[in-house]
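Please open the structure in your viewer and keep the sequence beside it.

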Amino acid sequence: MSLHSTASQLVTLASEGKHVDEHASISPLVTGGGAFVALMLLLWITTRFNRDR
């Protein structure tokens, strides 16, 4: 196989492939909200242990 034929086969394969989601994706709002809550919890814990400010 030459480099040209391999490249053309890969291009053909990539153009024919179709991605189908079989599940609903996680909402960005839920992901961002969960990350914010987790970071605020970590900040609160850190400030409770650091009383000698």
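Begin by selecting F49, which lies in helix 2 (residues 28-49); helices here are DSSP runs of H or I with at least four residues, strands are runs of E with at least two, and both are numbered from the N terminus. F49 counts as exposed because its relative accessibility is 74%, where exposed means over 50%, buried under 20% and partly exposed in between, with a 1.4 Å probe and protein chains only. This is a predicted model, in which local features need pLDDT of at least 70 and side-chain atom pairs count only at pLDDT 80 or more, while totals for chains, interfaces and linings use all residues. Residues are numbered from 1 along each chain as its sequence is written, and side-chain values use heavy atoms, leaving out hydrogens and water.

Next, select residues 26-45, which UniProt, in an unreviewed entry, lists as "transmembrane region"; such annotations may be inferred rather than shown by experiment, positions follow the numbering used here, and feature names are shortened. This span is 90% helix and 0% strand, and its end C-alpha atoms lie 28 Å apart.

Then move to helix 1 (residues 3-16), whose end C-alpha atoms are 20 Å apart, in agreement with the 20 Å that its 14 residues should span at 1.5 Å a residue, the expected span being 1.5 Å times one less than the number of residues.

Of its 53 residues, 0% count as buried.
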